[in-house]
Amino acid sequence: MSKRYTAEFKRDAVTLALSSDKTVTEVARDLGVSPEGLRGWVKQAKVDRGEGPAGALTSAEREELVRLRRKVREQEATIEVLGKATAFFAPDKMR
């Protein structure tokens with residue numbers, strides 16, 4: 001089961017990891033989080049500050065992408081329902 005951490009906790013953990021003389025693994029152990037998770041948070045924080053690799057998505061861009069993908073799925077479902085309704089009612093108009 002994965003734990004959910006608040007944005008504030010993640011931000012503070014990243015700040016600590018970047019400002020500390022300790023390794024990310026040591027900071028993660030001190031905070032009781034997984035080292036891989038903390039590394040991911042640090043990597044994303046760097047991308048959000050414009051320090052990431054070219055083409056990497058910021059957190060805001062990721063959120064927008066998720067929102068847009070959800071909207072596309074909803075619209076595809078609506079189009080499917082409308083297509084079925086059209087097919088159902090169209091034969092009546094042909095008579």
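At what angle do the axes of α1 and α3 cross, and within what distance do they come? In this predicted model, the two axes cross at roughly 90° and come within 9 Å. Helix α3 also packs with α2, and α1 and α3 each supply at least two residues of the lining of the largest pocket.

**α1 with α3**

- Angles of 65 to 115 degrees count as roughly perpendicular, and the crossing at roughly 90° therefore makes α1 roughly perpendicular to α3.
- On the α1 side, the contact is made by F9, K10, A13, V14, A17 and L18.
- These residues meet L38, W41, V42, A45 and K46 of α3.
- By class, the contact of α1 with α3 has nine nonpolar and two charged residues, with no polar ones.

**α2 with α3**

- Helix α2, residues 24-31, packs with α3 at an angle of about 115°, and their axes are 8 Å apart.
- The two helices are therefore roughly perpendicular to each other.
- The crossing of α2 past α3 is right-handed.
- V24, T25, V27 and A28 of α2 make the contact with P35, L38 and R39 of α3.
- Five nonpolar residues, one polar and one charged make up the contact of α2 with α3.
- L38 of α3 is in the contact with α2 and also in the contact with α1.

**Largest pocket**

- The volume of the largest pocket is about 180 Å³.
- Its lining consists of A7, K10, R11, V14, T15, L18, W41, Q44, A45, D48 and R49.
- Helix α1, residues 7-19, and helix α3, residues 35-48, each supply at least two of the lining residues.
- The largest share of the lining, six residues, comes from α1.
- The lining residues divide into five nonpolar, two polar and four charged.
- Among the lining residues are K10, V14, L18, W41 and A45, which also take part in the contact of α1 with α3.

Terms used: Residues numbered from 1 in each chain as written. Predicted model: local features only at pLDDT ≥ 70, side-chain atom pairs only at ≥ 80, totals over all residues. Heavy atoms only, no water. 1 Å grid on protein atoms, 1.4 Å probe; cavity = no way out; pocket = protein on both sides within 12 Å on 5 of 7 lines; lining within 4 Å. Points joined across faces, edges and corners; volume = space filled by probe spheres on them. Helix = DSSP H or I, 4+ residues; strand = E, 2+ residues; numbered from the N terminus. Nonpolar A, V, L, I, M, F, W, Y, C, P; charged D, E, K, R; others polar. Axes fitted to C-alpha atoms, helices over the stretch in contact; angles between N-to-C directions. Parallel < 35°, antiparallel > 145°, perpendicular 65-115°, else oblique. Left-handed = near helix turned anticlockwise from the far one by under 90°. Contact = heavy atoms within 4.5 Å.
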